Amino acid sequence: MGLCKCGSSSILVSMNVQILPSLLAADFGRLADEIRRVADAGADALHLDIMDAHFVPNLSFGPDVVELCRRVCPSLFRDVHLMMTRPDLYVDRFADAGADALLIHVEADCDVWETLRAIGQRGVRPGLVSRPQTPVEVLYPYLPLCGEVLFMTVNPGYGGQAFMPEVLPKIKALRAHTPALNIMVDGGINFETSALCAEHGANQFVAGSFMFQQPDMGEAVRRMRDLCEKQGNGF
Ligand code: DX5
Ligand code: ZN
């Protein structure tokens with residue numbers, strides 16, 4: 001992961017290709033083993049999906065699971081995606097639990113600018129997420145505060161959905177607008193769709209069901225990273 005000095009005036013980010021398995025697709029009966037499996041696979045970070053049954057129809061898990069990840073693999077970066085109507089009310093809870101990055105939706109019912117600032121002030125990397133239908137321009141005013149921007153490539157709420165190619169032009173537009181920015185994609189990501197997103201300018205790839213279905217997650221992480229590095233050469 002790149003260096004991040006959130007809370008100060010400079011946010012230093014790396015443009016490396018990064019692969020982030022999403023814990024939502026793990027076997028919850030053996031959660032600690034699944035967290036270790038992600039670390040052993042050489043993944044760059046663990047993606048943690050928090051759903052509040054209001055912003056999205058589904059419920060997932062809360063800060064206790066983030067804390068479990070820190071306890072099991074302290075050095076594995078915890079990238080926490082808040083699919084919540086009021087993420088502003090939970091910044092401290094997730095920061096205390098060990099979130100390394102906290103991503104909020106631009107469509108959330110809170111002061112987005114102030115919430116991103118509060119995340120940075122806690123020493124956590126702030127990130128901004130948009131639904132597939134949200135125009136990319138909506139993100140622009142907040143970019144000075146963002147360590148990463150996440151484009152949902154499915155409608156948020158459930159794992160295992162089909163990738164939406166209509167998001168690709170938004171990735172391309174943001175990469176052209178802000179060349180040195182971490183751009184992440186999430187939803188329906190596999191070898192083929194990750195390469196497609198890399199070609200359009202993404203450099204961080206969240207993969208849930210695809211990664212956890214692999215008999216050898218380490219091999220899949222390496223292969224996805226290779227494919228995306230090759231495809232991403234152009235941007
Ligand atoms: C969906 C979540 C995703 C999800 C991705 O709302 O934000 O992170 O885990 O799952 P897959 O890779 O199965 O589409
Ligand atoms: Zn997610």
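Taken alone, ligand 1 exposes 380 Å², of which the protein buries 98%; accessible areas come from the Shrake-Rupley method with a 1.4 Å probe, and for residues only the protein chains shown count as cover.

D186 also approaches the ligand through its side chain, with a polar atom 2.6 Å from an oxygen atom of ligand 1. For G160 the backbone is involved: one of its N or O atoms lies 2.8 Å from a ligand oxygen.

## Basis of the model

This is a predicted model, in which local features need pLDDT of at least 70 and side-chain atom pairs count only at pLDDT 80 or more, whereas totals for chains, interfaces and linings use all residues. Residues are numbered from 1 along each chain as its sequence is written, chains are lettered from A and ligands numbered from 1 in the order in which they are written, and side-chain values use heavy atoms, with hydrogens and water left out.

Two or more residues of the shell come from each of β2 (46-51), β3 (78-83) and β8 (204-207), and β2 gives the most, with 3 residues. Strands are DSSP runs (E, at least two residues) and helices likewise (H or I, at least four), numbered from the N terminus.

The shell comprises 20 residues, of which D49, G157, D186, G208 and S209 come nearest; a residue is near a molecule if one of its heavy atoms lies within 4 Å of it. By class, 8 are nonpolar, 10 polar and 2 charged. Here Ala, Val, Leu, Ile, Met, Phe, Trp, Tyr, Cys and Pro count as nonpolar, Asp, Glu, Lys and Arg as charged, and the others, Gly among them, as polar.

## Backbone at A53

A53 belongs to the loop between β2 and α2 (63-72). Its phi is near 60 degrees, a positive value in a residue other than glycine. Most residues other than glycine have a negative phi. A53 counts as partly exposed because its relative accessibility is 40%, between the limits for buried (under 20%) and exposed (over 50%), with a 1.4 Å probe and protein chains only.

## Buried leucines

L103, in strand β4 (residues 101-105), is buried, with a relative accessible area of 0%. L145 and L143 lie in the loop between β5 (125-130) and β6 (148-152). L145 is buried at 16% relative accessible area, and L143 is buried at 10%.

Methods:
A polar contact is a pair of N or O atoms within 3.5 Å; within protein, one must be able to donate a hydrogen and the other to accept it, and residues adjacent in sequence count only if both atoms are side-chain atoms.
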